[in-house]
Amino acid sequence: MSVTDASQQSSETALSINIAHAQVVADTVRSTLGPKGLDKMLADAGGRVTITNDGATILRNVNWVSPIAKKIVEVARTQEEQCYDGTTTAIILTAELLKQAQMLLDRGVHPTTIVEGYRAAVLHAKEHLNGLAIVPDDDLLLQVAKTAMTGKSAEGERDHLAKLCLEVVDASRPESVHIMTRTGSPISDSFSPNGIVIGRQKMHNAMPKSVDDVKLALIDGNLELEGFGSGVNLNLNSYSEAEEYREGQRAKLKEMADHIIGLGANIVLTTKNVDPWLAEYFAKKNVVCARRCAASNLEAIAESCDGLIVSGWEDLEEEDLGSAGKCEEVIQEGQPPFMLLHDTPTANTASLIICAPTEEVAHEIRRAMDDAMGVVWLAKKEGEVVAGGGAPQVDIAMHLRNTTAPMVGGRESLAIEAFAEALEIVPRTLAENAGLSPIDMLMELRQSHVGDSARFGLNVYSGSVVDMAEEGVIEPLRVVRQAMESATETAVMVLRIDDIITAKEPEIEELV
Ligand code: ADP
Ligand code: MG
């Protein structure tokens, strides 16, 4: 007789199932790794199609059912949050650590021994990685940006985009960069204006093209009169009654405008609609007004102009107004004009305008720029970069095999060797995705690292093993370290599970 209503699966079966599920997650993104990785086409339930090469984006868009798959996908999320890049690497490394563990399990090594071996291995791996650090100058930071963009749509214009990355990261944290995308022009038109963008054009032609001593009213809502609900009939019996009604409406709109202008505002931004009559009134009073601004745009403006976003015009007070030295309209040929705020009190925000021929490309470039700005910022903040192309992984693997494993000895050393083998999944996959032989390439790589050549990695274009620093393939050290750390933590978590207990849906009591 069953004691609980849960279904239970135990021990070796549970572990093997979980390890198999991890492989499925990794297989979803494996072919995207590296500059020669391929793209995936994602179609969501609403019919929207995204074409991307970005591991985290792909995994986010799959509806994972397996609980362990969900846990593994979290590795990508952590990696993205902490390091902006390296998501695919973290996932395939997690899966590979588990695959190697399965082989040890098959040979009779206990999961606990593997866990201990992996934990020792990651400590030594991190220590060895620190020894490979290079302090980046601006040139290397440019290479970091370019490396993050290889293999994405951004690649063709990466010299230009990498420079933009450095510019904006100089001014702002990547999260505070306000990005606007514009379609219909070449990627090379992308630029970083010196100021904060107001993403919408002014509502009325007669509004000034430039404003000095800017005072901004930021309203998350409407500036119009509330309509009557549906089904309400308004009976106006004569022309004068109708006229009176209109007058009343205008008086109310005027009251709104006068309140805002009275506080000293000369720019009014709203996230929703603005009554056209009100826009005209603002224009007459030399006040600039823009409607339907994106909430994220308003937040960026509030942050840099030291303003407060209010939900209705009645709530607006003088101290809520943001300020800036100047606001100017910018006109780009063939594009709707937009406005720029200069000399804002808080200088740690920046804007980026991404131009692309189509919306699809614009979004992919945006994702690539998000990664690139992130890694440049990280490399700058931490002051440590390493050569890429599998170089650090091969070097660490060699150190673990030759130094750490013999030192630790016993069965644990088998796990350390397995860890080393797993790290080499990075160059192996890079080779595979480039149509090269993973085995031949790996052997050549291992051989190249025998001497004092820790920076040798795989040139996926020529199929040769070269110094990746000279090749300009550079990554923040933190990306490599975090991928190893979170992959190990997740693999350990999976290895410590010996039961899968699936709870039944709780029965909902009927409400009487
Ligand atoms: P992730 O999601 O892990 O960042 P990517 O597709 O961006 O996946 O691939 C990153 C890997 O590709 C890193 O190991 C990086 O060193 C390597 N890589 C990037 N550019 C090159 C290059 N030009 N040659 C060889 N390897 C490269
Ligand atoms: Mg990447």
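This report describes helix packing and nonpolar cores in a predicted model.

Local features require pLDDT of at least 70 and side-chain atom pairs count only at pLDDT 80 or more, while totals for chains, interfaces and linings use all residues. Residues are numbered from 1 along each chain as its sequence is written, and side-chain values use heavy atoms, with hydrogens and water left out.

**Helix packing**

Two packed helices are described by the angle between their axes and the distance between the axes. Helices here are DSSP runs (H or I, at least four residues) numbered from the N terminus. Axes are lines fitted to C-alpha atoms over the stretch in contact, with angles running from 0 to 180 degrees between N-to-C directions.

| Helix pair | Angle | Axis distance |
|---|---|---|
| α4 (residues 87–106) and α17 (residues 477–495) | about 40 degrees | 8 Å |
| α5 (residues 111–130) and α12 (residues 391–408) | roughly 125 degrees | within 9 Å |

Angles under 35 degrees count as roughly parallel, over 145 as roughly antiparallel, 65 to 115 as roughly perpendicular and the rest as oblique. Helices α4 and α17 are therefore oblique to each other, and their crossing is right-handed, meaning that the near helix is turned clockwise from the far one by less than a right angle. In α4, Thr89, Ala90, Leu93, Thr94, Leu97, Leu98 and Ala101 meet residues of α17 that include Ala483, Met484, Ala487 and Thr488 (contact: heavy atoms within 4.5 Å). This contact comprises 11 nonpolar, 4 polar and no charged residues; Ala, Val, Leu, Ile, Met, Phe, Trp, Tyr, Cys and Pro count as nonpolar, Asp, Glu, Lys and Arg as charged, and the others, Gly among them, as polar.

The angle between α5 and α12 makes this pair oblique, and the crossing is right-handed. Helix α5 contributes Ala121, His124, Ala125, His128 and Leu129, and α12 contributes residues including Pro392, Asp395, Ile396 and His399. By class, 7 nonpolar, 4 polar and 1 charged residues form the contact of α5 with α12.

**Nonpolar cores**

A nonpolar core is a set of buried Ala, Val, Leu, Ile, Met, Phe, Trp, Tyr and Cys residues joined through side-chain atoms within 4.5 Å, where buried means under 20% relative accessible area (1.4 Å probe, protein chains only). The largest core has 66 residues, of which Ile91, Ile114, Tyr118 and Phe419 touch the most other members. Its largest share, 10 residues, comes from α4. Beyond its neighbours within four places in sequence, Phe419 is in contact with Leu97, Tyr118, Ala121, Val122, Ala125, Leu400 and Thr488. A second, separate core of 42 residues includes Met207, Val274, Val287 and Ala324.

Definitions and conventions:
Chains are lettered from A and ligands numbered from 1 in the order in which they are written. Helices (H or I, at least four residues) and strands (E, at least two) are DSSP runs, numbered from the N terminus. Buried means under 20% relative accessible area, exposed over 50%, partly exposed in between (1.4 Å probe, protein chains only).
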